[in-house]
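Here's a quick briefing to read with the model open beside you. Take a look at the fold before going through the notes.

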Amino acid sequence: QMPKKPFAVKLDSKCGVLNMPAHKRWVLLANWKDRTLMRNAVAFGIADVFKKTLSEGMAWNPSGEFVELVYNGVHVGTYYLCEQIKIDGNRLDINDPYEEGDAFTAAEDYGYLLECDDAYDETWKFTTANYIPFLFKDDGNQTMLDYAADFVRGIEDNLYAGKYDVAYENMDLTSLVDFLLIQELMMNSEMRHPKSVYTYINNGKFYAGPVWDFDWNTLPVSSSYSEE
């Protein structure tokens, strides 16, 4: 619905772009709601600082570069060309259940990329008892969905029951802490009605990240954040 459109790009073969690791899939973010055009880049940069200098909490976060986009011979503005969040050795490196040639075995043997998004518009999806929506970002099947739903719901049930030690056994707390600190630094209000909040399951643990989507409802300048 925005006059400046974002684009998803799929190349014919894996290729490195602007010194970023090779892949087929890329995204051109329009950042229409962000008049600075900088918020996504700032958030990705903070995540990079966390990983390189503070901790190894989140295994991977996307990176990008600003570009001027010419579409069908018309200059359409400044865009942010960045890595799309995908399961891949050069991106989120978890055991891909969709790897071509691999025979699917037990659901717990694989990693699953999940998005919390209240649009709730993917085919394979579930909610928790507290109505947090989780969506598979790739195709799935009922076995995968049942495993992921039971795993995430079990963590939530234990947290609300005060069984923190049991819940923590299935959570990667370092990634969760880093992720939440970045959300706080960016003043991201979309966490309360989630949009594009990514998590994943891998090797029997629930992880937070990668970071994504900071063009709106972040770093606000309003009376609600000013001193009385």
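Which residue of β4 is the bridge partner of Val27? That partner is Cys82. Keep in mind that this is a predicted model.

- We're looking at an open sheet of four strands, ordered β1-β2-β4-β3, with antiparallel pairing.
- β1 (7-17) and β3 sit at the edges, each pairing on one side only.
- Ignoring direction, neighbouring strands here are turned by 30° against each other on average.
- As a reminder, strands of a sheet pair through backbone hydrogen bonds, either parallel or antiparallel.

**β2 with β4**
- β2 and β4 (residues 74-83) run antiparallel and are joined by four bridges.
- The Val27 to Cys82 pair brings us back to the opening question, with Cys82 on the β4 side.

**β3 with β4**
- On this side, β4 runs antiparallel to β3 (residues 64-71), and eight bridges join the two strands.
- Val67 has Tyr79 of β4 as its bridge partner.
- For Val70, the bridge partner in β4 is His75.
- The hairpin of β3 and β4 has two residues between the strands, and Asn72 takes a positive phi near 55° there.

- Met38, Val42 and Phe66 make a nonpolar surface patch of about 260 Å².
- You'll find Met38 in the loop between β2 (20-29) and α1 (39-54).
- Is Met38 buried or partly exposed? Met38 counts as partly exposed because its relative accessible area is 46%, which falls between the 20% and 50% cut-offs.

- Helix α4 (residues 173-185) is where Gln183 lies.
- Gln183 has a relative accessible area of 5%, so it counts as buried, the cut-off being under 20%.
- Which residues does Gln183 touch, leaving out those up to four places away in sequence? The contacts are Asn188, Met191, Val211 and Phe214.

Definitions and conventions. Residues are numbered from 1 along each chain as its sequence is written. This is a predicted model: local features need pLDDT of at least 70, side-chain atom pairs count only at pLDDT 80 or more; totals for chains, interfaces and linings use all residues. Side-chain values use heavy atoms; hydrogens and water are left out. Patches are made of residues with over 30% relative accessible area and no salt bridge: like charges are joined within 9 Å, nonpolar side chains (Val, Leu, Ile, Met, Phe, Trp, Tyr) within 5 Å. Accessible areas come from the Shrake-Rupley method with a 1.4 Å probe; for residues, only the protein chains shown count as cover. A salt bridge is a side-chain nitrogen of Lys or Arg within 4 Å of a carboxyl oxygen of Asp or Glu. Buried means under 20% relative accessible area, exposed over 50%, partly exposed in between (1.4 Å probe, protein chains only). Two strands pair if DSSP finds at least two bridges between them. Axes are lines fitted to C-alpha atoms, for helices over the stretch in contact, and angles run from 0 to 180 degrees between N-to-C directions. Contact means heavy atoms within 4.5 Å.
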